Each structure stands twice: as C-alpha cells, then as structure tokens.
Amino acid sequence: MSKIKLTINDKEVMVEEGQTILEVAKEVGVDIPVLCHHPALTNWGACRMCLVEVAGMRGLQTACTCPATEGMNIQTETEQAVNVRKFVLELLFSERNHYCMFCQMSGDCELQDAAYRYGLEHFTYPRPYEKFEIDASRKYFIQDPNRCILCSRCIRACAEIAANHTLNLKGRGAGTRVIADLDVPFGESTCIECGTCLQVCPTGALIDVRSAYGGREKDVTHTQTTCLQCSVGCQLDVVTRYERLLRVDGIFGAAPNDGLLCVKGRFEPLYDEERQRVQTPLVRKDGQLQECSWEEALPWVAEKLATGTAQGLAATATTNAAFQAFGKLFEKIGDPAGLLCGTLPELGYGKGATIPDVLAADYIVVAGAKPLTTHKVVGYFIKRAADNGATIALVGEPENELRSYAQLNVSYAEMDKVSVDIPDAAAVVVVYGAGLTAEGIAALKPLAEKAVFLGLEPGRNGRGAAAAGLAPLAPAPAETRLVLLGEHPVKAAWVEQLNGAFTVVQASYHSPLTEKADVVLPTPIWAERSGHVTNLEGQVLPLQAALELPSGVRDEAEVLVALAKLIG
Amino acid sequence: MKTNLTQIHEVINQHGTNREALVEILRDLSQRSGYLTKEAMEVVATQLQLPPSEVFSVASFYTKINVEQLGKHVIKFCEDAPCHIAGGREIWEALEHKLGIQFGETTTDGFWTLWPTSCLGLCAVGPVMLVDDEPYGNLTPEKVTDILNHYRAGDAA
Ligand code: SF4
Ligand code: SF4
Ligand code: SF4
Ligand code: FES
C-alpha cells in the first residue's frame with residue numbers, strides 16, 4: 001500500500017492510502033465524534049455526527065464514509081461543523097426520551113458524551129415524542145425504543161456479524177422503530193441471543209438486565225479470558241465490580257471469534273449462580289456429607305487412591321495443567337484414567353483448518369456436525385460465509401439445522417456430486433464433528449488434498465485432555481474413583497455408571513453426582529480460572545481470573561499435584 | 001378479503017423472484033386484500049430469499065402498503081389547510097367521536113379504519129373525505145352520521 005500526504009487540523013500527516021477520513025484522524029490522534037459508525041461494522045453515514053470540512057469540497061463531508069485522498073485539507077472542528085453537530089444532537093434529544101438521569105447508560109452513553117462535548121445544556125426544541133412500548137420478552141436484555149437514535153448499529157451487527165438478520169427498521173419518520181422479523185416480540189423472534197447488538201448499541205436503548213446500574217466504565221474491571229463453554233475458545237472480556245460478574249463482552253479483533261459470542265458464552269454462565277456452589281471440601285461421615293478441611297480431606301483421598309484399584313474419569317471443563325496433573329497422578333499409581341465424554345473420530349488424512357478459514361471459504365462441506373447447536377460461533381461463521389456467497393454442502397446430514405443455507409444436501413454415497421460441484425480455485429473447508437461415521441470418513445477422503453479440515457471437538461477442552469494423554473474411557477469396576485468434573489453439567493447416565501466405588505468428585509457445583517460422592521473437592525468456575533486451554537484448532541489459549549478464588553476452593557491442578565506428592 | 005396461498009404465488013410468479021421485484025410484489029398483494037398478512041410476507045421472504053425483517057421493513061416504509069389489518073372500510077379524511085378552513089376541525093372531531101377511535105386506528109369490530117390524508121384535489125367542496133375510493137364533499141357532522149349509517153345499513157342488507 002502506498003502512502004498519501006494530507007493536512008488535518010493544520011497538521012501535515014503521511015498515512016496509508018485507502019482509509020476514510022475518520023480512520024486517518026484516529027491514526028493521527030484527532031478525535032471526530034461518531035454515533036452510527038462502529039469499527040466492526042460497515043460504514044453507514046447516517047447520523048451526520050462526524051461531519052468535517054474539506055477544503056474545495058462542497059458542503060460538509062461525513063468522515064466515516066469519505067475516503068481520504070492525497071493533498072486533502074481537512075478541518076474537524078470548524079464553527080460550521082460544530083454547529084451542525086450541535087443541531088443534529090438537538091434534534092436527537094428532542095425526538096425521544098433522553099432524560100439521562102433515569103438511564104442506566106448515563107455516564108457511558110455515546111450520545112450523552114457527544115452532548116457534553118458540544119455543550120448541550122438544555123433542550124432546544126419541544127419534545128412531543130411518542131411513547132414506545134418496552135420489549136422485555138428476552139431473558140437477558142431489554143429493548144427500550146424510547147432511548148433509540150435509529151443509528152442501526154444493532155441491525156448491522158445482527159446481519160453482518162451474527163449473520164442472523166433478525167433486526168430491521170419499521171416505518172419511517174419520527175415513529176421509526178427497530179423491530180424483529182415481522183414485528184414480533186423479540187422473545188418470539190429468530191433472535192439467537194448472541195448479544196452482539198447489545199454490545200454495539202451506543203445508547204441506553206438496549207439494556208443488559210444483569211449489569212444495568214451495576215457500575216459505570218470508570219468503576220469496573222476488564223479481564224480477557226477464554227470461554228470454557230465449548231471448544232471454539234472465544235475470547236471474552238469479563239466485566240467485574242466488587243468481585244461480582246457484571247457482564248461479558250466480545251473482543252473485536254481477537255482471534256478466533258473476532259468479537260462474536262453465543263448465548264452460552266456471553267450470558268448463560270453469569271446465571272449459573274442459580275446453581276449451588278461447593279464451597280469447602282466435603283467428606284461422608286456417618287452417611288452424611290460434612291464440611292472438612294483440605295488438610296483432612298487430601299490425605300484420606302491419597303490413601304484411598306494408593307491402596308486397591310482406582311480409576312480416574314474426567315469431564316472436559318478444566319485446564320490443560322489440571323489434565324496433565326490428572327494423567328500424571330494415575331500414571332504414578334498405575335491405574336487407568338480417561339475421559340467421560342466422547343471425542344472426534346480420527347480422519348487419518350487432511351490438513352487442519354483455523355476458525356477464520358471458515359469466513360474466507362468459498363465452499364464449505366459440513367458432515368457429522370451440528371455447529372449451530374454445539375459450536376455456535378462456528379455455525380454463525382458458516383452463515384456469514386454463506387451470506388458472502390460461499391456454497392454450503394451438507395453430506396450425510398439430511399436434517400441438519402444448516403439445511404436452509406445449503407445448496408447441496410447429499411448422502412455419503414453421493415459425495416461425488418459435491419466433488420464435481422467444487423470449483424477448481426475454491427478455498428474449501430470441511431467442518432466435521434463427532435457424528436462422522438466410518439462411511440463418512442471414507443466419503444470425504446477425495447477432499448484430502450483440496451480442503452482444510454475443521455474438527456468440532458466435542459469436549460470443551462477436549463484437545464487439552466488429549467494432549468495429556470487422556471482418551472475416552474468406560475467406567476469400570478474399581479475400589480476408588482476420582483471424577484474430575486469441574487463445572488461441567490452432570491449427565492444422568494454418569495450418575496448411574498459411577499456406582500459402587502469410593503467416589504471422589506472434584507466439582508464446582510452440587511449435583512446428583514456430588515450427592516452420591518464420598519468426598520467432594522471444590523473447584524474454580526470459569527471466571528476464577530488461570531492457566532490455559534487448547535481450542536478445537538489446537539491453539540493454546542490463556543485463561544485469566546476475573547474473580548478471586550473463594551477461600552475454600554483450590555485449583556484442581558494444585559490439588560492433583562498435592563495428591564501425587566502425598567502418595568510419595 | 002384475505003389472499004390465499006395460490007394468489008400469493010400468482011403475484012410472485014408475475015413479478016419474478018428477483019430482489020428488485022420486492023416493492024411491486026408487496027404493493028400488489030397489499031392492494032388485493034387491503035393489507036399484507038404475515039403469511040404473505042413470510043412467503044415473499046422465502047421465495048425471494050430475503051430475511052423476513054427486510055421484507056417487513058420495506059413494506060412498512062411505504063404508506064401505500066399496509067402491514068396492519070385494516071377495517072372493512074377505510075375513511076381518509078383530508079387534513080390540509082383548505083378543508084381545515086372550511087370547517088374540517090368539527091368533522092375531524094365528529095369522526096373520532098362517532099367511531100370511538102382516533103385517527104390511525106381501526107374499530108374493534110373491524111368495520112372502520114380512520115386515516116388522515118393529504119389534499120385530495122377536491123378543495124372546492126371541502127371538507128372532504130374518501131370512504132374506500134368514494135369521495136364525499138361539503139361535509140357537516142350530520143352528513144357524516146348519515147354516511148356512516150349508510151355503510152352500516154349496506155353491510156346489514
Ligand atoms: S442478540 Fe444477536 S441475533 Fe438477537 S437481535 Fe441481537 S444481534 Fe441479532
Ligand atoms: S437500538 Fe441502539 S444500536 Fe439499535 S438503532 Fe437504536 S440506538 Fe442504535
Ligand atoms: S461458541 Fe463456544 S467458545 Fe464461543 S462463546 Fe459460544 S460457547 Fe463460548
Ligand atoms: S458517524 Fe459518520 S454519519 Fe454517523
């Protein structure tokens with residue numbers, strides 16, 4: 001890319017060609033106010049907040065859409081530009097209810113910031129605005145159209161980032177509203193509650209139920225960590241205050257998910273508080289689980305593990321270090337250890353893909369996988385690729401949830417139809433999952449050279465477990481059983497299978513499994529974890545604790561190492 | 001009158017499933033039955049491979065396309081200056097009072113929809129209103145009562 005020279009607020013600067021005036025200004029530290037613009041979305045040019053003067057050009061230019069060119073002379077805060085911005089703000093403030101003192105966004109609102117910046121200290125125009133109904137039909141967030149400035153960030157976020165196209169505008173003029181589908185309540189719409197719209201809204205029109213009034217930007221702490229709810233490994237910005245989880249945001253620009261989250265990552269774990277936490281070690285005495293100290297519990301567990309037969313079974317919701325320590329402990333005592341959950345079938349051919357490869361693909365083959373259910377962000381990326389013109393082919397998946405996006409839907413036996421359909425130059429990604437059969441593996445083989453393969457590892461940190469040498473293992477009779485559960489939900493089958501042994505469970509929450517256990521050792525939850533996980537691409541991603549570990553709780557890795565030491 | 005599925009498909013076939021045909025299709029469907037049913041918009045969305053939200057957004061943008069169910073008869077009363085000066089204010093109030101609804105609304109029995117409209121070009125006989133496509137001029141509150149009764153009676157017969 002070549003450089004261009006231009007002048008902005010009397011300062012001569014050299015910048016990359018191909019940027020907008022807004023981008024250039026940002027690069028050289030000139031702050032132009034925006035409302036409809038958001039860096040993760042297409043430029044819109046609707047709100048007129050970013051108007052600037054360019055010498056020789058007629059009228060004012062919207063900095064967010066106007067390309068910066070060689071020799072331009074730009075002034076961003078001339079009297080004319082400032083007056084127009086003020087006028088726009090005055091109109092916005094008269095169009096809806098912007099009594100900031102009652103709004104949860106007050107203090108963090110981009111509209112309010114702009115108003116302060118340009119000295120709007122009173123309402124200039126009458127405010128005969130219509131009162132709109134609030135929509136609270138979704139569990140996690142509310143829409144209040146009375147605070148909406150119709151910037152359409154939410155609409156673009158839903159279409160461009162989540163590829164869900166739920167939102168659009170109804171009507172025109174002052175009564176225009178953001179609606180879902182055919183103007184149905186959000187809770188009955190096609191909304192998948194990914195929360196992307198909520199995150200990009202500049203005003204208090206979209207309200208997070210949990211964090212509303214919980215703390216302003218200046219009061220809160222941000223911690224970046226990796227989502228532990230599935231193996232995609234999305235990057236999370238965890239927002240906390242006073243050791244309380246307020247909210248989770250996506251991080252635009254951070255791989256693998258580039259800011260997009262799903263309901264399982266953004267909202268659900270914050271409502272886990274409805275489950276009851278294990279707070280101290282518990283041991284069964286006289287038939288009852290009773291609190292005890294770590295110093296009492298660990299030697300007892302060590303002794304049980306060291307004498308007689310033992311078996312270690314792990315769910316996949318923990319760190320790489322914990323899996324390593326789990327594997328080593330059982331190696332030391334010479335007993336088998338493995339995973340409670342299944343894993344991916346071995347292809348035996350093909351090169352691995354990255355998650356962003358999906359977005360760049362021209363042709364996507366889906367086989368034995370339901371990404372919209374199990375690895376949602378990958379599913380949304382497939383929809384986004386389809387929006388951008390990629391062909392989607394389903395193989396051996398006649399009923400797949402992606403079928404309305406697919407141009408081809410064939411059986412394994414008809415795989416040659418797909419091979420013929422793929423253009424020579426196409427970038428091909430095969431997305432496969434635990435449902436892929438031996439027949440499917442054979443059927444996909446012709447693509448071994450042409451495609452890259454993205455395996456949707458079913459275990460949350462399944463690849464971290466595999467790296468520690470843990471493979472799926474059926475519960476077998478043993479005198480002692482150690483179950484490394486973490487915060488993983490308990491499957492009914494496990495409770496049945498894990499009968500008839502002295503059972504030690506490492507768990508975050510009380511469950512039917514801990515109820516039957518002889519010893520329960522408390523473990524951290526996702527937001528308290530440090531360490532690493534390995535995502536489905538094989539990337540080792542860091543976990544950073546956003547909350548302190550509760551006093552009675554210890555990290556599993558530390559506990560497992562301590563147990564190994566006690567065994568000697 | 002509700003458009004049935006066959007009619008919806010007929011209209012789509014006539015205009016084709018290209019995205020550019022959307023407005024024409026919606027206008028045709030709206031004209032046939034007075035308003036666009038959710039079902040019709042859903043079929044159009046599927047056939048044109050557009051998100052339902054987009055179809056709805058386009059439909060709701062145009063005043064000539066109705067997305068709300070309308071009454072059996074639609075009154076469009078001129079709200080512009082000439083009719084206003086000729087006594088439009090009393091007629092406006094009489095209409096709201098007699099129908100028990102406000103402008104922009106439909107009676108609960110689904111018989112009347114009351115809308116304001118811009119100049120109908122009949123200023124010479126103002127105040128003026130249209131009932132469906134039929135113009136009525138030189139309106140007085142009494143005359144309005146007669147007209148409303150006339151439509152009710154016609155419906156009962
Ligand atoms: S939560 Fe996601 S799917 Fe729902 S409206 Fe917002 S962006 Fe669209
Ligand atoms: S809800 Fe928020 S993001 Fe959407 S148009 Fe209104 S102000 Fe903009
Ligand atoms: S796709 Fe997986 S990793 Fe990403 S937010 Fe959802 S649950 Fe978390
Ligand atoms: S930010 Fe440029 S027009 Fe809205």
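These questions and answers walk through a predicted model.

Visitor: Which elements give two or more residues to the shell around ligand 1?
Guide: Ligand 1 is surrounded by 13 residues. The closest are A:Cys158, A:Asn164, A:Cys191, A:Cys194 and A:Cys197. By class, the shell holds eight nonpolar, four polar and one charged residues. The elements asked for are helix 4 (153–161) and helix 5 (196–200) of chain A.

Visitor: Which element gives the largest share of the side of chain A that touches chain B?
Guide: Twelve residues of chain A are in contact with ten residues of chain B. The chain A side splits into four nonpolar, four polar and four charged residues. Its largest share, four residues, comes from strand 7 (residues 167–170) of chain A.

Visitor: How far apart are the C-alpha centres of domain 2 and domain 3 of chain A?
Guide: The domain assignment places domain 2 at 110–208 and domain 3 at 282–343 + 462–567. Their C-alpha centres are separated by 45 Å.

Visitor: Where does A:Pro256 lie?
Guide: A cis peptide bond links A:Ala255 to A:Pro256, with omega about 5°. A:Pro256 belongs to the loop between strand 12 (244–250) and helix 6 (263–266) of chain A.

Visitor: Is A:Arg48 buried, exposed or partly exposed?
Guide: A:Arg48 is not a glycine, yet has a positive phi of about 65°. The residue sits in the loop between helix 1 (21–27) and strand 3 (51–54) of chain A. Buried takes 20 or more other C-beta atoms within 10 Å, and exposed takes 12 or fewer. A:Arg48 has 17 C-beta neighbours inside 10 Å, so it counts as partly exposed.

Methods. Residues are numbered from 1 along each chain as its sequence is written. Chains are lettered from A and ligands numbered from 1 in the order in which they are written. This is a predicted model: local features need pLDDT of at least 70, side-chain atom pairs count only at pLDDT 80 or more; totals for chains, interfaces and linings use all residues. A residue is near a molecule or strand if its C-beta atom, placed from the backbone, lies within 6 Å of it. Ala, Val, Leu, Ile, Met, Phe, Trp, Tyr, Cys and Pro count as nonpolar, Asp, Glu, Lys and Arg as charged, and the others, Gly among them, as polar. Two residues are in contact if their C-beta atoms, placed from the backbone, lie within 7 Å. Domain bounds come from an automatic or database domain assignment.
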